[in-house]
Amino acid sequence: MSSIQAVMRAADFPFSIALLSVPTGFALILALAFGLMQSHLSRQLSSERAAAQTLRQAANHDSLTGLRNRRALGEDVAILLADTKDPGTRLALLLFDLDRFKFINDTLGHGVGDTVLKALGLRIGVACNSAQRAYRLGGDEFLVLWENAPCDAAISEFCRGLEATVFRPVDCADSALETAGSIGISCADQGDFVLSDMLKRADLALYRAKETPGVSHAFFSADMDSDYRLRRELEADMRSGLTSGAFGIEYLPVYEAQSMQPTGFSAKLKWTHPVHGDVAPTKFMPVAEESGLVVMIGKWMLAEALLAAQSWGRSGEIIVPVSKAQLSDPGFSCLVETLLKDTGVEAQRLVLDVRARAVPEDDLVAMATIARLRSAGVRIAVSDFSAGIAGLAMSRPHPVDRVRLDLAHIKAIAGQERFAVMLGLFVQLARTVNTQVTLTGVDGPTDVESAIAAGVLEVEGRFAGPSLSARKASAVFQSRKTKTPVVRLAS
């Protein structure tokens, strides 16, 4: 075989024709160069294919846990629906949410948070079988897509197994961090499956599951959708109410039990809805807390209450309720100090009312907030007394200056016959830790007498009349300059 023929075998045909007209040595050089170029192009093509595969992997997978992401979920569902041969095949979405993840990030750092997410993602992925695919949607939200999903009872049994295997302690440094969470479930036949709708339903079910204490799961039901719309409407109405002046504050007098002289006022939030009229705080405050509006409302309320206390002169306490969300805000203590400075109200006159068990011991931000406020002179009271001694100061993870016992709660526990004995017991227990007691919900002279007999320091309630406006509350302390107000109890 001639050298020209060898070159023709080694090179592509068009190039071979061109080589017939050149010397043999030069042809061999050209053939070698062309081979090198082909090799380079092949390697470059392989590299580009690998890079494209890497990009596809990154685009469809979560970089932290390695699970498929929200984008991949959309693609997987589209393929699944397009390939289905039986529109009656059932699909299920299981939406996971981790409790207190923001607290973990804020107090222990994002490194610890990432460790927790990796551990939970791995556990969820391991728990899935061939018909189930695990995804991380973002933050602390995970999801399982279940093809050919069984009946609700079987899904519920699977979720109980997940709750036991997924929400376990995670080893972080030298300690084990407890984890907990909830699962919301939505199911539909493939012929009726719309991903956006199913995610919304799973989220509503997750919200319902979170209402149950501890680790739990819940299935979507039609009533959740109507409840959701009502909550969103209520939230929108509250937002507009903050700017339209629909919110107000009433001031309920607090009296020294023995002398019946006023010592201050307890601020009570009031909302007058443009359609429904006065709405009870028990109706709208849970929505405010769930939506985060409680922080805005609480800021407004604190500012208004301090302005009212400013008009009383230099006497009289103002008791303002605060939520867990406010105390967990790192900037809350600075806000309080700024408002005190702007209004000229002495810190000792402000009493922040914290609900019992609202601040867990491991909420380091809230604990630091309380400590800073107390060091500045602000007083902390604990209220919303519930069963047992847990509502008293000695059981709190943070020091308090006052315990506010609710008369109705004590009566519900002890009954009318044993009420006086139990009240006296609680007052004695509070004294052992040098904590003053205010009895709230006092509505009649008999209750006042029981409070005095038990040694309660202060009483609060409607025994002396209804709540007052800011102007009338100011008049109470203005009148003390000329005379001593006297509360006359009905005989």
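A residue is called buried here when its relative accessible area is under 20%. Keep that in mind as we walk through this structure, which is a predicted model.

Let's start with the interior. In soluble globular proteins, nonpolar side chains tend to be buried together. The largest nonpolar core in this model has 72 residues, and the members that touch the most others are Tyr251, Ile318, Leu350 and Leu352. The element that gives the most to this core is helix H11 (residues 293-310), with nine residues. To see how this works around one residue, look at Ile318: beyond its neighbours within four places in sequence, Ile318 is in contact with residues including Tyr251, Phe265, Ala305, Leu306, Trp312 and Leu350. Apart from this core lies another, of 30 residues, with Phe101, Leu120, Phe167 and Leu177 among them.

Now for the aromatic rings. A pair of rings is described by the distance of the centres and the angle of the planes. The model has eight aromatic pairs. In one of them, the ring centres of Tyr251 and Trp312 are 6.4 Å apart; their planes stand at 85°, over the 60 degrees required, so the pair is edge-to-face. This pair links distant parts of the chain, since Tyr251 sits in strand S8 (residues 247-256) and Trp312 in the loop between H11 and strand S11 (317-322), 61 residues apart. Both Tyr251 and Trp312 are buried.

Trp271 and Phe284 make another edge-to-face pair, because their planes are at 85°, with the ring centres 5.4 Å apart. Trp271 belongs to strand S9 (residues 262-273) and Phe284 to helix H10 (residues 281-291), so the pair ties together parts that are 13 residues apart in sequence. Trp271 and Phe284 are both buried, and together with Phe247 and Trp300 they form one aromatic cluster. Elsewhere, a charge meets a ring: Lys411 lies over the face of Phe419, 5.3 Å from the ring centre.

Finally, let's turn to a sheet. Five strands form an open sheet with mixed pairing, in the order S2-S3-S1-S6-S7. Strands S2 (132-138) and S7 (216-219) stand at the edges with a single partner strand each, so one side of each has no neighbour in the sheet. On average, neighbouring strands are turned by 20° against each other, direction ignored. S2 pairs with strand S3 (residues 141-147) in the antiparallel sense over six bridges, and Gln132 has Trp146 in S3 as its bridge partner. Helix H4 (residues 70-83) packs on the sheet, where it touches strand S1 (90-98), S2 and S3, and its direction makes about 145° with that of S2.

Definitions and conventions: Residues numbered from 1 in each chain as written. Predicted model: local features only at pLDDT ≥ 70, side-chain atom pairs only at ≥ 80, totals over all residues. Heavy atoms only, no water. Core = buried A, V, L, I, M, F, W, Y, C linked by side-chain atoms within 4.5 Å. Buried < 20%, exposed > 50% of the residue type's maximum accessible area, 1.4 Å probe, protein only. Helix = DSSP H or I, 4+ residues; strand = E, 2+ residues; numbered from the N terminus. Contact = heavy atoms within 4.5 Å. Phe/Tyr/Trp six-rings, centres within 6.5 Å; stacked < 30°, edge-to-face > 60°. Lys NZ or Arg CZ within 6 Å of the ring centre and 35° of its normal. Pairing = 2+ DSSP bridges. Axes fitted to C-alpha atoms, helices over the stretch in contact; angles between N-to-C directions.
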